[in-house]
Amino acid sequence: MTLADVLPAIRQLSATEKLKLIRILAEDLDVADNIAPLEPFKTYELPTPYDNFGVGDVLIEALNESEENCQ
């Protein structure tokens, strides 16, 4: 069975049933082996916009430049 086979039936589920399905699938993944590329008990760095001062200025400059080039 493929994802294309089950998607129409899943889309007909109520919101509550969809949440239950998500929980069931998440629990299945939690106990499954080899959820590559993540390794258990390893810390992963996730870049966020927090504490990246000046990034907003760079984005505004890039936006202004692209607007000037479009005119």
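A residue is termed exposed when its relative accessible area is over 50%. In this predicted model, Val-31 has a relative accessibility of 66% and therefore counts as exposed. Val-31 belongs to helix α2, which spans residues 15–31.

Glu-65 is located in helix α3, comprising residues 55–70. With a relative accessibility of 49%, Glu-65 falls in the partly exposed class, because that class lies between the limits of 20% and 50%. Glu-65 also takes part in a negative surface patch, whose other members are Asp-57, Glu-61, Glu-67 and Glu-68.

Confidence was examined for the protein chain. The mean pLDDT is 85, and 94% of the residues reach 70 or more. Confidence is highest in helix α1, residues 3–11, with a mean of 94. The lowest confidence is found in α3, with a mean of 87; α3 is also the helix in which Glu-65 is found.

Notes. Residues numbered from 1 in each chain as written. Predicted model: local features only at pLDDT ≥ 70, side-chain atom pairs only at ≥ 80, totals over all residues. Heavy atoms only, no water. Patch = residues over 30% accessible without salt bridge, like charges linked within 9 Å, V, L, I, M, F, W, Y side chains within 5 Å. Areas by Shrake-Rupley, 256 points an atom, 1.4 Å probe, with all protein chains shown as cover. Salt bridge = Lys/Arg side-chain N within 4 Å of Asp/Glu carboxyl O. Lys, Arg positive; Asp, Glu negative; His and termini not counted. Charge placed at Lys NZ, Arg CZ, Asp CG, Glu CD. Helix = DSSP H or I, 4+ residues; strand = E, 2+ residues; numbered from the N terminus. Buried < 20%, exposed > 50% of the residue type's maximum accessible area, 1.4 Å probe, protein only. pLDDT = per-residue confidence, 0-100.
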